[in-house]
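Welcome! Here is a short briefing to read alongside the sequence and the 3D view. Please keep both open as you go.

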Amino acid sequence: MSWTGKILRVNLTTGSIKVEPTNMDWARAYIGSRGLGTKYLVEEVNAKVDPLSSDNKIIWATGPLTGTMASTGGRYTVITKSPLTGAVACSNSGGYWGAEFKMAGWDMLIFEGKSPKPVYLYINDDVVELRDAAHLWGKSVWETEETLKKSLQDPLTRVSSIGKAGENGVLFASVVNDLHRAAGRSGVGTVMGSKNLKAIAVRGTKGVGNIKNPKAFMAAVKASKKVLAENGVTGQGLPAYGTQVLMNVINEVGALPTRNHRDNQFEGAKDISAEAMATPRKTDGKKHLVTNQACFGCTIACGRISKMDENHFTIVNKPQYRGASGGLEYEAAWALGAANGVNDLEALQYANLLCNEEGIDPISFGTTVGAVMELYDMGVLTKEQIGIEAPFGSAHALAFLTEETIYGRGFGKEIGQGSKRLTAKYGHPELSMSSKGQEFPAYDGRAIQGIGLAYATSNRGGCHLRGYTIASEILGIPVKTDPLEHEGKPDLVKAFQDATAAFDSSGLCIFTTFAWGLQDLAPQMAAACGDEYTVDELAKIGERIWNMEREFNNRAGFTAKDDSLPPRLTTAAGACKTGPAKGKVNMLAEMMPKYYAARGWDAEGRPTAATKARLGL
Amino acid sequence: MQKVLHINPDKCTGCLQCEMACSFENYGTFATAKSRIKVFDFHHTGKKVPYTCTQCDEAWCLHACPVEAITMNKATGAMEVNEATCVGCKVCTIACPFGTINYVEETGKVQKCDLCGGEPACADACPTGAITFIDANWTGLGKMAAWADKLGNQPSAA
């Protein structure tokens, strides 16, 4: 059955810790992780709650395949109501923490209320204690992890924590585990900080048993690992180049948003690409990239471990950044680089290290800096206000603004509110490259029609991971569709969104879907949990999860108007300037009615009674 | 032919498939904490190194054991712990220079790698070839072949 059947409920206001049985009816209907955690959230939290009030809850959830030998089975999801968007927040992380937590014997961890003082949660199998975190408050993620391992005298402890950004209320603060793996988006770290919860330290020695049919499971796992190994993307491209393999590819198709989406191709893309990371630097003759790294159980190993040039201006006086560390991944390289026009690879890695060290989302941060640079270029913001000359392309401005933001200083406090609030404050809300208040990632919605629709309809705001149509529109997985064509995309987006919700809920990584479809997930789920998990059932569960999230957002006050893109992406004035997509805008108005129809929603974007009945909602 | 576990740290990605395979083989659960092979992650250098018992011919653990609970499996060359005989005195854990035999609180006995009776689950699970089970006399064969390939493909000097 592969669930542990147990949940921890911690009330931070009273300090009480309760053990509950997992609601197995919900587990069957929503699987685990994203699906099951969100089910608990929507049942227990009023959608209109102030995200930073003690009435909001925050949930750490694993899936039935977390902590098993299924490839990439190390993932967990942090679920809450987002302070950045006001929508459902649901951020997924790899590394080792999720598997360790599951091996301690728990499916899920629910925090309620707000602690009167800083605390951390200590879990050692059945021993669960809230402990004072006065000595950790004000420390970075990295210091917190090191301090806890030392004081617990257990180097095998895994830590999921926030840095200063989460404490200081940066609205896109992340939750970081294993130094450089993050539940990065939507400000889940901000909610954690608002509850005076610094960290969760966990040691799990029980392991994950209860596999329904161990023999069939091991056979299915082995066959699925083979599919990953023999696939060009998961077997060769990702291990060798990481997600950064995309930088040049996406630039060539004219879909690399540049300088706050003013441009759609970046002349400096090659300087910040995977190829650049693997080429010896001119300055010191060493390569940026040291090695690749897998998360728990992952047979792809797309993670990057790099070392910076010790004489680069950002770290020349900071020896603590000279060791090997995580990055750069494609999204961070794009957001910190192309989105601002910065082509200094070392500066991007410095900014990326700080994002990991103090816990912020590099996508929302980098995109917000892009908006700041545009406002500076327009003369709306000045050097005096920002604290530095901030033209597009300035690596010095990027490094400075990263420090200001993570430490909560000066203009960094405004950047920490995200691009929607910042651009509105200075009279140019149209310059926020976001949907539902969450900044776009590294693909241009004008040059790739489906991903634009996916951004506009994503339940957590601008995001590529809710329906990664890039797989089909650019990479031809599972079938090639034309990125410039909007016909047929509503159905494509829906199919990707539903399948992704199922994968996210299983405890596996969405990157497996470069090679796997639901037909690869189904045998692993069936062997671990029960024969009812067929391809059709998984697709239906994915759709059920999508609609559940949608209804939470609708109750929170979102309407069809919020399924939108900024005018730069949809009007002629903002059309792509160069490359294969020259002259293109996103055809959102054409696609949206068809998308609603495919979803079984009314014109206001509400699931109809028939749809809800079909999905058992 | 005697075979040994051969480890190439350069190929290790830190995925812990080996640790899960080990615990599943021996305990029927996926529990890295119970694994007899451990992967060490040196994050300041980016190095990941799997480490386990190398089955010494003159095994310190075997010689130190006061009750002769550790014996060599003649078929596989593995030093194996007989749990029925082991008294949990832990002297072997002190004697082993490499730290690869360890006490298990739950059973009151020690555990170490036994090569899974000749088909090590860790090597089978490793996705990158960082852990292989190969001819004990020729653990250097792969490296020799790689260098020979380099030499053989040099352009001729003449």
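The contact between the two chains draws 23 residues from chain B and 38 residues from chain A, where contact means heavy atoms within 4.5 Å. This is a predicted model, in which local features need pLDDT of at least 70 and side-chain atom pairs count only at pLDDT 80 or more, while totals for chains, interfaces and linings use all residues. Residues are numbered from 1 along each chain as its sequence is written, chains are lettered from A and ligands numbered from 1 in the order in which they are written, and side-chain values use heavy atoms, with hydrogens and water left out.

**Where the chains meet**

- Chain B and chain A bury about 2200 Å² between them, with 57% of it on carbon and sulfur atoms; buried area is the accessible area (1.4 Å probe) that two parts lose on being put together, summed over both.
- In chain B, the residues that lose the most area to chain A are B:Thr13, B:Gln17 and B:Phe30, together 26% of what that side buries.
- The rule finds one salt bridge across this interface, a salt bridge being a side-chain nitrogen of Lys or Arg within 4 Å of a carboxyl oxygen of Asp or Glu.
- That salt bridge pairs B:Asp124 with A:Lys222, and their closest N and O atoms are 3.0 Å apart.
- Helix 1 (17–27) and helix 4 (121–125) of chain B each supply at least two residues of the side that touches chain A. Helices (H or I, at least four residues) and strands (E, at least two) are DSSP runs, numbered from the N terminus.
- Helix 1 of chain B gives the largest share of that side, four residues.
- By class, the side of chain B that touches chain A has ten nonpolar, nine polar and four charged residues. Here Ala, Val, Leu, Ile, Met, Phe, Trp, Tyr, Cys and Pro count as nonpolar, Asp, Glu, Lys and Arg as charged, and the others, Gly among them, as polar.

**Chain B on its own**

- Chain B has five helices and eight strands.
- Along the sequence, chain B follows the pattern β-α-β-β-α-β-β-α-β-β-α-β-α.
- Taken along the principal axes, the C-alpha atoms of chain B fill a box of roughly 70 × 30 × 25 Å.

**Helix pairs in chain A**

- The axes of helix 20 (residues 489–506) and helix 22 (residues 535–556) of chain A come within 7 Å and cross at roughly 95 degrees, which makes helix 20 of chain A roughly perpendicular to helix 22 of chain A. Axes are lines fitted to C-alpha atoms, for helices over the stretch in contact, and angles run from 0 to 180 degrees between N-to-C directions.
- By class, the contact of helix 20 with helix 22 of chain A has six nonpolar, three polar and three charged residues.
- Helix 12 (residues 345–358) and helix 15 (residues 395–406) of chain A have axes that come within 9 Å and cross at roughly 5 degrees, so helix 12 of chain A is roughly parallel to helix 15 of chain A. Angles under 35 degrees count as roughly parallel, over 145 as roughly antiparallel, 65 to 115 as roughly perpendicular and the rest as oblique.
- The contact of helix 12 with helix 15 of chain A has nine nonpolar, one polar and two charged residues.

**Salt bridges and backbone details**

- Over all chains, the structure holds 51 salt bridges.
- In one of them, the side chains of A:Lys206 and A:Asp126 meet at 2.7 Å, N to O; this pair links distant parts of the chain, 80 residues apart.
- A cis peptide bond joins A:Ile477 and A:Pro478, with omega about -5 degrees.
- A:Ser33, in helix 2 (residues 33–44) of chain A, has a positive phi of about 40 degrees although it is not a glycine.
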